[in-house]
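Dear colleague,

Please find below the structure that I am handing over to you.

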Amino acid sequence: MKKWLKRVLFALLGAAAVFGLLTGIEVFGGHPMGLFAGTRPDNLGFSQGRFAPPSWKPNCVSSTVDKADSHYIAPLAVGADVASAWNKLGQIVRALPGATIVRADTGYLYAEFKSRGLGFVDDVEFALDGA
């Protein structure tokens, strides 16, 4: 086998071993490290009908930015029974794997969703506009 191919295969094997070790520690170590959890944002919330502006990341979406913005997502539709829908939303979020409610106020819900394995964390906010 060519020398350069052996080096590439050895490097890939080493990277896979490190990844496997970190994943094993995260999953089976007893105390998840959350290697990719990052830090909790300090600018979240719902004020004057708007969420904080989305970050530059392409997977960050908001229903309160301009529709032409690449981060725009349509708001969730709620039927006539707003209170029941809001309670159901809270129940659904609490039941989801990896979900942690960080803040729950009247008309505002902030949750973190931690992925299994390496512990990526997604922040999710819900608000009842006009609540």
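Helices (H or I, at least four residues) and strands (E, at least two) are DSSP runs, numbered from the N terminus. With that naming, α2 (82–95) and β5 (121–127) each supply at least two residues of the lining of the largest pocket. Please note that the model is a predicted one.

I begin with the pocket. The largest pocket holds about 1400 Å³ of space, and 42 residues line it. Nearest its centre lie Val-61, Ser-62, Asp-123, Val-124 and Glu-125. β5 gives the most to this lining, with seven residues. By residue class, the lining of the largest pocket consists of 26 nonpolar, nine polar and seven charged residues.

The strand β5 also belongs to a sheet, which I describe next. Three strands make up an open sheet in the order β3-β4-β5, and their pairing is antiparallel. At the edges are β3 (99–105) and β5, each of which pairs on one side only. From one strand to the next, the twist averages 15°. The helix α2 packs on this sheet and touches β3, β4 and β5; the direction of α2 makes about 20° with that of β4.

The two strand pairs may be taken in turn. β3 and β4 are antiparallel and are paired over six bridges, with Ala-104 standing opposite Leu-109 in β4. These two strands form a hairpin that has two residues between them. In its turn, Gly-107 has a positive phi of about 80°.

Strand β4 (residues 108–114) is joined to β5 by seven bridges, and the two run antiparallel. Across this pair, Ala-111 stands opposite Val-124 in β5, while Glu-112 stands opposite Asp-123 in β5. Both Asp-123 and Val-124 are among the residues that lie nearest the centre of the largest pocket. The hairpin of β4 and β5 has six residues between the strands, and Gly-117 takes a positive phi near 90° there.

Finally, I turn to the salt bridges. The count comes to two. One of them is formed by Arg-40 with Glu-112, whose closest N and O atoms are 2.7 Å apart. Arg-40 lies in the loop between α1 (3–28) and β1 (46–47) and Glu-112 lies in strand β4, so the pair ties together parts that are 72 residues apart in sequence.

With kind regards

Key
Residues numbered from 1 in each chain as written. Predicted model: local features only at pLDDT ≥ 70, side-chain atom pairs only at ≥ 80, totals over all residues. Heavy atoms only, no water. 1 Å grid on protein atoms, 1.4 Å probe; cavity = no way out; pocket = protein on both sides within 12 Å on 5 of 7 lines; lining within 4 Å. Points joined across faces, edges and corners; volume = space filled by probe spheres on them. Nonpolar A, V, L, I, M, F, W, Y, C, P; charged D, E, K, R; others polar. Pairing = 2+ DSSP bridges. Axes fitted to C-alpha atoms, helices over the stretch in contact; angles between N-to-C directions. Contact = heavy atoms within 4.5 Å. Salt bridge = Lys/Arg side-chain N within 4 Å of Asp/Glu carboxyl O.
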